[in-house]
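Subject: Structure for your review

Dear colleague,

Please find below the sequence and the structure that I am handing over to you. My findings follow directly after it.

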Amino acid sequence: MKKIYLFAAVAMTVMQMQAQNYPATQDTYIGAALATEDLNGSARYVGMGGAMDALGAEISTMGSNPAGIGLFRRSQVSGTFSVNIQENGMSFQDGSKTHVSFDQAGFVYSMRTGKSGYLNLGFNYHKNRNFNHVLYAASTLNGSAQNRQTVFKDMNGLFNNSGLAYSQLDDLYMGNMVLDDEGVLHDYAGESYDFTRANTGYIGEFDFNISGNIKNRLYLGLTIGVHNVHYKNYSEYYEILNSTEISDVLITDNHKITGYGYNIKAGVIVRPIEESPFRIGVSVATPTFYRLTTENYTTIGSNVDREAAKEDFRFNTPWKFGLSLGHTIGNNLALGAVYEYADYGACDMRTIDGRYYDYWSDTYYDNSSSDNVMKRHIEKTLKGVSTLKLGAEFKPDKNIALRLGYNYVSPMYQEDGVRDQTLMSPGVYYASTTHYVNWKDTHRITAGVGYSFDKFRLDLAYQYSMRKGNFYPFMADYSASYIDDETQQTVTLYNHCNPVEVKDNRHQIQCSLTYTF
């Protein structure tokens, strides 16, 4: 990517936020990235498209319908690795087109409790979310520019109130570019932009399960999940400006989010007809309650990095509900279907207001409250998501299994969703970038094969995931007005950018080894 660093006429400074002034949160689009889940787990689970919630006896159902573990009759240990390839990807900073991933490891210990009853205990780790992705977008601007957003916010009086709409990026522009020594604002028209971002990291989920069955007709399960967040991205936003004073500008941003969360999942599977293997499953998962730390450093016009902000915040994902069906025909064919629903408009960004001490447990706890401004924006920007999973497994021989699966995930974002940088919210105050993507629906096609020998089973799976989205370098439409000194007429200025279509298409090849005893 072309890199031209400014400026001969303007000195470079790095904005150091007084982070203690306001409690921190992040915004809608960061929350959406943290709440989204991938199709991942064992190779058998992925090969069948994840449609195994009612079929059960598969270790990865511990994180979707915990009752599926209740169908185990023997103990089991398994582990999974994968190779992930971004289609038409590129290498940028720490991001790369291809990377190897450790996706799953777990065990189930099965104990007989009676003539037909079992009590099973299980643990499973799986990579809930893989953030590795390099995003590139470029387009013309036709006079609009990122710096004009800062100027318009000031013209509209947003910096005169609580200051919560005054972002880290605004401070960089005001201190280096748009505000001169005499206090006069200058907005610079843009000709084109070039944007590259490398996301890396993951969310790892550690599940602890207890499950069992009653007379091989009713299966019950409970899972406690602990999530470990490692999210990083580095981005470069480069604009060519239509100005004789400043020809171009480069904004670099390093952003990291770390922390942990927990949730509880419960499930039930029932065989309504005693003579039939047909099964119906129902599951529910509480929100994942995250406690996270965000930190970033952002520069304008130089590659010198300094810490800009580091603060803690909380984030709650929505409740998730699942309905599943499973049926087997003899010993040769298994069919599964799963429907899941989660309302992502109910995501909750929360500020940490303080701490209190519990004398009984000798422990400090955080007090938190909803960022109500950002909460209303989430409700307006995100929506309920339906996920459909279909899968089949065919055994032409008792030791060989062939699998196919398909997933459809409806869009999370409203088509007219905007990363609104005018909100009086800590989520804007801590913003160091302005770009966003409104991703559309997701399609996943999977296939797999398994081979059993002695007490072992070797499984391979392939997954192809496809989704498109609309990229915006800053708010799609923003305006400001002023009164002309000569004509005394109101003049309205506009800052508009058109979307650029981007893709996130990925190949994943998995290998699992399972030992049953």
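Of the 517 residues of the protein, what percentage count as buried? The figure is 54%. Please bear in mind that the model is predicted.

Overall form

The protein holds six helices and 22 strands. Its radius of gyration is 26 Å, close to the 24 Å that the globule rule gives for 517 residues, so the protein is as compact as a globular protein of that length. Taken along the principal axes, the box filled by the C-alpha atoms is roughly 90 × 55 × 40 Å.

Helices

Helix α1 spans residues 28-35 and is mostly covered, with eight of its eight residues buried. Among them are Tyr29, Ile30 and Leu34, together with the glycine Gly31. At the start of α1, the backbone nitrogen of Tyr29 has a side-chain oxygen of Asp27 within 3.3 Å.

Helix α3 is largely enclosed by the rest of the structure, because eight of its ten residues are buried. The buried set includes Arg148 and Lys153 as well as Val151 and Phe152. The cover over the buried residues of α3 includes α4, β6, β7, α6, β19 (477-483) and β20 (490-496). Just after α3 comes Gly157, which takes a positive phi of about 80°.

Helix α4 (residues 168-176) has seven buried residues out of nine, so this helix too is largely enclosed by the rest of the structure. The buried residues are Gln168, Leu169, Asp170, Leu172, Tyr173, Met174 and Asn176. Their cover includes α3 (146-155), β7 (248-270), β9 (289-300), β10 (309-316) and α6. At the start of α4, a side-chain oxygen of Ser167 comes to within 3.3 Å of the backbone nitrogen of Leu169.

Two serines in loops

Ser60 belongs to the loop between α2 (43-47) and β1 (76-86). Is Ser60 buried or exposed? With a relative accessible area of 7%, Ser60 falls under the 20% limit and is therefore buried. Apart from residues up to four places away in sequence, Ser60 touches Gly41, Ser42, Tyr45 and Asn124. With Ser42 there is a polar contact: a polar atom of the Ser60 side chain lies 2.9 Å from the backbone nitrogen of Ser42. Ser60 and Tyr462 are 402 residues apart along the chain, and their C-alpha atoms are separated by 16 Å.

Ser410 lies in the loop between β16 (400-409) and α6 (426-429). Its relative accessibility is 15%, so Ser410 counts as buried. Which residues is Ser410 in contact with, leaving aside its neighbours within four places in sequence? They are Gly384, Val385, Ser386 and Asp441. The side chain of Ser410 reaches the backbone nitrogen of Ser386 at 2.9 Å.

Asn216 has a phi near 55° and sits in the loop between β5 (190-214) and β6 (218-241). Its relative accessibility of 25% means that Asn216 counts as partly exposed. Asp454, which is not a glycine either, has a positive phi of about 50°. This residue is placed in the loop between β17 (436-453) and β18 (456-472). Asp454 is exposed, because its relative accessible area is 80%, which is over the 50% limit.

With kind regards

Methods
Residues numbered from 1 in each chain as written. Predicted model: local features only at pLDDT ≥ 70, side-chain atom pairs only at ≥ 80, totals over all residues. Heavy atoms only, no water. Helix = DSSP H or I, 4+ residues; strand = E, 2+ residues; numbered from the N terminus. Buried < 20%, exposed > 50% of the residue type's maximum accessible area, 1.4 Å probe, protein only. Polar contact = N/O pair within 3.5 Å; in protein donor to acceptor, adjacent residues only side chain to side chain. Contact = heavy atoms within 4.5 Å. Rg over C-alpha atoms; globule rule 2.2 N^0.38 Å.
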